[in-house]
Amino acid sequence: VAFGVLEALKRASVVILGPQVAIAHPFVIVLACGAIAVVFSSIAVIPFEATRIRMVQDPAFASSLPEGMLKKFGEGNVYNGLPALLVKDVPFHAVKFAVFDTVSPLIRSIPPLEPFVTVVAGLLAGVAAAVASQPGDATFTRCNQSPSPVPSQAPETPTDFAVDAAVPAVALGVAALSTSTSTST
């Protein structure tokens with residue numbers, strides 16, 4: 001969903017802003033379009049993610065995804081976890097899309113790397129995205145460790161977590177996340 005919306009928004013931004021602006025500011029345009037695309041994709045994904053989290057936390061909640069989604073929609077709190085998901089996903093995907101689109105042409109200009117453009121650009125984009133999203137990812141993980149079945153009802157806010165945990169704790173998983181995302185991007 002996010003990639004399709006990103007591509008549509010990139011094309012629309014060229015039409016709206018004009019080719020000169022698009023050529024002069026490609027990183028900013030892809031970053032903004034990526035952020036908007038991820039918001040749309042998160043809105044589409046959150047009912048599934050909320051249901052999955054609830055089914056893992058409480059196996060008796062539902063025996064199948066459709067049954068769980070019906071119950072979750074019946075509770076009326078399907079989108080309660082959206083803010084926490086956006087804190088995690090928007091920086092990750094926006095940076096990943098922007099870095100990939102920015103470094104691909106640069107890598108193409110280096111003859112020995114040309115056959116590996118997608119791989120090298122994906123590795124670089126994955127690392128950059130992991131670094132950019134690590135504080136949000138740590139916050140999302142911490143919120144999901146709450147005893148509350150709804151991530152956004154965690155006992156602390158992302159700001160509280162950042163203040164309590166300090167920067168070293170927030171950055172603990174960046175190496176693992178960089179490795180994971182750069183190899184799967």
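Is the crossing of H1 and H3 left-handed or right-handed? In this predicted model, the two helices cross in a right-handed manner. The contact involves Ala 2, Val 5, Leu 6, Leu 9, Lys 10, Ser 13 and Leu 17 on the side of H1. On the side of H3, it is formed by Ile 29, Val 30, Cys 33, Gly 34, Ile 36, Ala 37, Val 38, Phe 40 and Ser 41. Sorted by class, the residues in the contact of H1 with H3 comprise 12 nonpolar, three polar and one charged.

Two packed helices are described by the angle between their axes and the distance between the axes. For helix H1, which spans residues 2-17, and helix H3, which spans residues 26-57, the packing angle is about 135°. The axes of H1 and H3 lie 8 Å apart. Angles over 145 degrees would count as roughly antiparallel and those from 65 to 115 as roughly perpendicular; H1 and H3 are therefore oblique to each other.

Empty space was also examined. Rolling a probe the size of a water molecule over the atoms shows where such space is left. The largest pocket has a computed volume of about 180 Å³. Its lining consists of Glu 7, Lys 10, Arg 11, Ser 13, Val 14, Ala 22, Pro 26, Ile 29, Val 30, Asp 101 and Thr 102. Two or more residues of this lining are given by each of H1, H3 and helix H5 (82-108). The greatest contribution to the lining of the largest pocket comes from H1, with five residues. By class, the lining of the largest pocket contains five nonpolar, two polar and four charged residues.

Key. Residues are numbered from 1 along each chain as its sequence is written. This is a predicted model: local features need pLDDT of at least 70, side-chain atom pairs count only at pLDDT 80 or more; totals for chains, interfaces and linings use all residues. Side-chain values use heavy atoms; hydrogens and water are left out. Axes are lines fitted to C-alpha atoms, for helices over the stretch in contact, and angles run from 0 to 180 degrees between N-to-C directions. Helices (H or I, at least four residues) and strands (E, at least two) are DSSP runs, numbered from the N terminus. Angles under 35 degrees count as roughly parallel, over 145 as roughly antiparallel, 65 to 115 as roughly perpendicular and the rest as oblique. A crossing is left-handed if the near helix is turned anticlockwise from the far one by less than a right angle, and right-handed if clockwise. Contact means heavy atoms within 4.5 Å. Ala, Val, Leu, Ile, Met, Phe, Trp, Tyr, Cys and Pro count as nonpolar, Asp, Glu, Lys and Arg as charged, and the others, Gly among them, as polar. On a 1 Å grid over the protein atoms alone, a cavity is a set of points where a 1.4 Å probe fits but cannot get out, and a pocket is an open set with protein on both sides within 12 Å along at least five of seven lines; lining residues have an atom within 4 Å of a point. Grid points are joined across faces, edges and corners, and a volume is the space filled by probe spheres set on the points.
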